[in-house]
Amino acid sequence: MSATGHRIYVDPSDGRGAELVRSAGAFNRGTLAIWDRTLELDDWDVVVDVGVNYGEMLLGAQLPPGARLIGFEPNPRVLPHLRRSLDESGLAVDLHEAALGAAESEATFAVDTEWSGRSGIAASHRTDAAHDIETFDVPVRTLDSELSVGESEKVCVKVDVEGAEFDVLAGAQSLRQRAAPWAILVEVLHMDGFEKAYLAEEYTMRALDHRVGELVTIPPVSARRVDELLSGGWLHGQDVVLTKRHAP
């Protein structure tokens with residue numbers, strides 16, 4: 001049962017699923033906290049979860065009242081449990097059983113059977129798993145092709161796709177160029193310093209300050225300095241929030 005009262009069903013043989021049960025859906029507290037701060041940035045009309053997994057970022061968050069909810073999850077091992085959780089929750093989530101990338105295609109999806117959160121598109125998969133994985137062919141779509149929004153609708157997105165984050169951003173050009181407010185929470189855990197420094201240069205990039213529970217801006221500095229800031233302990237270094245960079 002999540003903090004919001006929704007029941008989350010999991011595969012009992014999946015280590016990540018077992019940890020979700022043990023922690024009542026909140027084992028990754030830093031990510032949940034920065035997601036909450038992201039949701040508080042505006043009165044979002046659309047909330048999108050890319051890489052839903054078992055759904056705790058939708059089922060365990062205080063979502064904007066009346067917002068359209070959209071999810072993307074291609075993992076065939078977690079989908080039956082996710083569908084059951086969403087059906088029982090009463091939340092109207094438009095679930096797309098597909099991966100997101102830079103262009104529409106079909107791809108091999110690598111499924112980590114011991115920890116479902118380490119699964120991802122094989123070509124961009126970044127994992128330290130030493131055990132065998134299963135592979136499946138899955139459809140790949142782009143956020144721009146799947147997301148139909150009005151000119152004034154405000155859009156909040158979470159992206160956690162184990163190494164394919166830049167591909168998802170590349171497939172969201174129309175979203176990123178919109179005048180209406182948008183925010184993208186993206187996992188940077190598997191990125192090197194140069195990739196994170198690029199994000200700080202291309203976007204307004206913010207991280208969660210653990211000391212005060214608020215978002216702080218990471219300036220466009222060197223790769224080494226960005227790595228130092230995100231690994232210093234006082235910031236949540238696993239995920240960052242991206243918004244449009246405005247000209248000074």
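**Aromatic pairs**

Phe 27 counts as partly exposed, because its relative accessibility is 25%, and the cut-off for buried is under 20%. Bear in mind as you click around that this is a predicted model.

- The structure holds three aromatic pairs. One of them joins Phe 27 and Trp 115, edge-to-face, with 5.9 Å centre to centre and 85° between the planes.
- Phe 27 sits in the loop between α1 (15-22) and α2 (29-39), while Trp 115 sits in the loop between β5 and β6, so this pair ties together parts that are 88 residues apart in sequence.
- Trp 115 has 27% relative accessibility, so Trp 115 counts as partly exposed too.
- Another pair is Phe 166 with Tyr 198: the ring centres are 6.0 Å apart and the planes are at 50°, so this one is tilted.
- Phe 166 belongs to helix α6 and Tyr 198 to helix α8, so the pair ties together parts that are 32 residues apart in sequence.

**A charge over a ring**

- Look at Tyr 9 and you'll find Arg 84 over the ring's face, 3.8 Å from the ring centre.

- Four strands make an open sheet in the order β4-β7-β5-β6, and the pairing is mixed. At the edges are β4 (99-100) and β6 (120-121), each pairing on one side only.
- β5 (residues 105-111) and β7 (residues 134-141) run antiparallel to each other, paired over seven bridges. Phe 109 stands opposite Phe 136 of β7.
- Asp 112 is in the loop between β5 and β6, and with 2% relative accessibility Asp 112 counts as buried.
- A polar atom of the Asp 112 side chain lies 2.9 Å from the backbone nitrogen of Glu 114.

**Helix α8**

- At the start of α8, Asp 192 puts a side-chain oxygen within 3.0 Å of the backbone nitrogen of Phe 194.
- Which residues of helix α8 (residues 193-202) are buried? They are Gly 193, Glu 195, Lys 196, Ala 197, Leu 199 and Ala 200.
- What covers the buried residues of α8? The cover includes helices α6 (165-170) and α9 (223-230), along with strands β9 (182-187), β10 (204-209), β11 (214-218) and β12 (239-243).

Methods. Residues are numbered from 1 along each chain as its sequence is written. This is a predicted model: local features need pLDDT of at least 70, side-chain atom pairs count only at pLDDT 80 or more; totals for chains, interfaces and linings use all residues. Side-chain values use heavy atoms; hydrogens and water are left out. Two strands pair if DSSP finds at least two bridges between them. Helices (H or I, at least four residues) and strands (E, at least two) are DSSP runs, numbered from the N terminus. Buried means under 20% relative accessible area, exposed over 50%, partly exposed in between (1.4 Å probe, protein chains only). A polar contact is a pair of N or O atoms within 3.5 Å; within protein, one must be able to donate a hydrogen and the other to accept it, and residues adjacent in sequence count only if both atoms are side-chain atoms. Contact means heavy atoms within 4.5 Å. Rings of Phe, Tyr and Trp (its six-membered ring) pair if their centres lie within 6.5 Å; planes under 30 degrees apart count as stacked, over 60 as edge-to-face and the rest as tilted. A charge sits over a ring if NZ of Lys or CZ of Arg is within 6 Å of the ring centre and within 35 degrees of the ring normal.
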